[in-house]
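Please look over the chain below before reading on.

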Amino acid sequence: MPSSLPMLPISQPPRMLRLKDGLQDGLGRNITYLRVSVTEQCNLACVYCRPRTGALERAEAPALSRNETVQLVQAFTSLGIRKVRLTGGEPLLRRDLETIVAGISPEVEGRVHLTTNGLHLAKRARGLRDAGLCGVNVSLDAAERGAFERLTRKDGLARVLAGLEAARAAGLKAKLNAVVLRGWNEDQIVPLARLAQAEGLQVRFIEFMPYQGNGWGKDQFVPADEILRTVREGLGASLEEEPVAGLEEGPARIFRLPGSEGKVGVISTLSADFCDRCNRVRLTSRGELKACLFGGHPVDLLEPLRNHASPEDLARLIRQALTDKLDCHPMRRGEDPQFAGGMWQVGG
Ligand code: SAM
């Protein structure tokens, strides 16, 4: 996106009625959390995310303009969405991210978060905070330079750590996310936990999930219980589990690290899923609503928006799409996941 683009004011569509019962799916789960992929493009090629070849070339420029992104988010917030996370692809590749944040933040009383690989965060953290960003999750799958480069195919650890520091200095709530793959970075679990302990940070280890073309295999899968055992043994300490937080805080089980403000968490998407408590939906940078990460048909919201759908029409489409939200992801029933693109397209 050219940097010379003027910063246009976001046009505000008429407010929809905020319904008392909020947004519920067909199974009565309250949907309060929207994850928005603002671009498919990325400046890393992490081994667990990108197909081995060709993916970077296939990533399309975002279809949604910043105004359209904000308008569609408003359609969701008017129905009861209370928290928004911007993701991708790599969201910091959008030069207009600050404008998007500024447009969304008032809609959710400042609860706008970002998931990023952190490579461009050092330069952007303060501006994003000023635009209304509240917190940032930095994806960091290795605490050592060589391991980072093997996983991401880029020598970028120092830049990510500088981005993390800048985010914290700007007053953003910062957490780390690490995907664990056997044979790639299980030896980084303890160094990452030590980093969290030393810095008073929270690191959350995520089970490796199968996604279109990402080469998932059982042999690479490390379950959450094993990750926790590795942390306990590596630190030579028992870990005290925190009480389960509200859903708005996410699905991780969180444990305090001894002698520090730092914490480790595990997100057990496959070994102990949390579908029965799912409160989230996704909007892709193509303007499609995706009700479930692993299944369900994407529903196009962009064409109706461009054809001047009324707020009520958009609300109807969103509600309709949520009646089909799956009760659990297909793998729990022993079925294959239904993909609608790679993780970088749906937004992790
Ligand atoms: N580029 C940004 C980043 O790196 O954080 C945002 C997009 S990335 C797809 C969002 C999150 O999805 C990251 O935390 C990443 O580690 C996670 N992710 C991607 N592929 C995954 C997989 N196969 N299994 C588990 N997590 C995955």
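In what follows, Ala, Val, Leu, Ile, Met, Phe, Trp, Tyr, Cys and Pro count as nonpolar, Asp, Glu, Lys and Arg as charged, and the others, Gly among them, as polar. This is a predicted model, in which local features need pLDDT of at least 70 and side-chain atom pairs count only at pLDDT 80 or more, while totals for chains, interfaces and linings use all residues. Residues are numbered from 1 along each chain as its sequence is written, and side-chain values use heavy atoms, with hydrogens and water left out.

The mean pLDDT (the predictor's confidence in each residue, from 0 to 100) is 89 for the chain, and 90% of its residues reach 70 or more. Over residues 1-20, however, pLDDT stays under 50.

The chain has eleven helices and twelve strands, which are DSSP runs (H or I, at least four residues, for helices; E, at least two, for strands) numbered from the N terminus. Of its 348 residues, 57% count as buried, that is, under 20% relative accessible area with a 1.4 Å probe, protein chains only.

The second largest pocket holds about 600 Å³ of space. Among its 31 lining residues, Gln-202, Arg-204, Ala-252, Arg-253 and Ile-254 are the closest to its centre; lining residues have an atom within 4 Å of a point on a 1 Å grid, in an open set where a 1.4 Å probe fits, with protein on both sides within 12 Å along at least five of seven lines. The lining divides into twelve nonpolar, six polar and 13 charged residues.

| Element supplying at least two lining residues | Residues |
|---|---|
| β5 | 173-180 |
| β6 | 202-207 |
| α8 | 224-235 |
| β8 | 253-256 |

The largest share, three residues, comes from β5.

Conventions:
Contact = heavy atoms within 4.5 Å. Points joined across faces, edges and corners; volume = space filled by probe spheres on them. Buried < 20%, exposed > 50% of the residue type's maximum accessible area, 1.4 Å probe, protein only.
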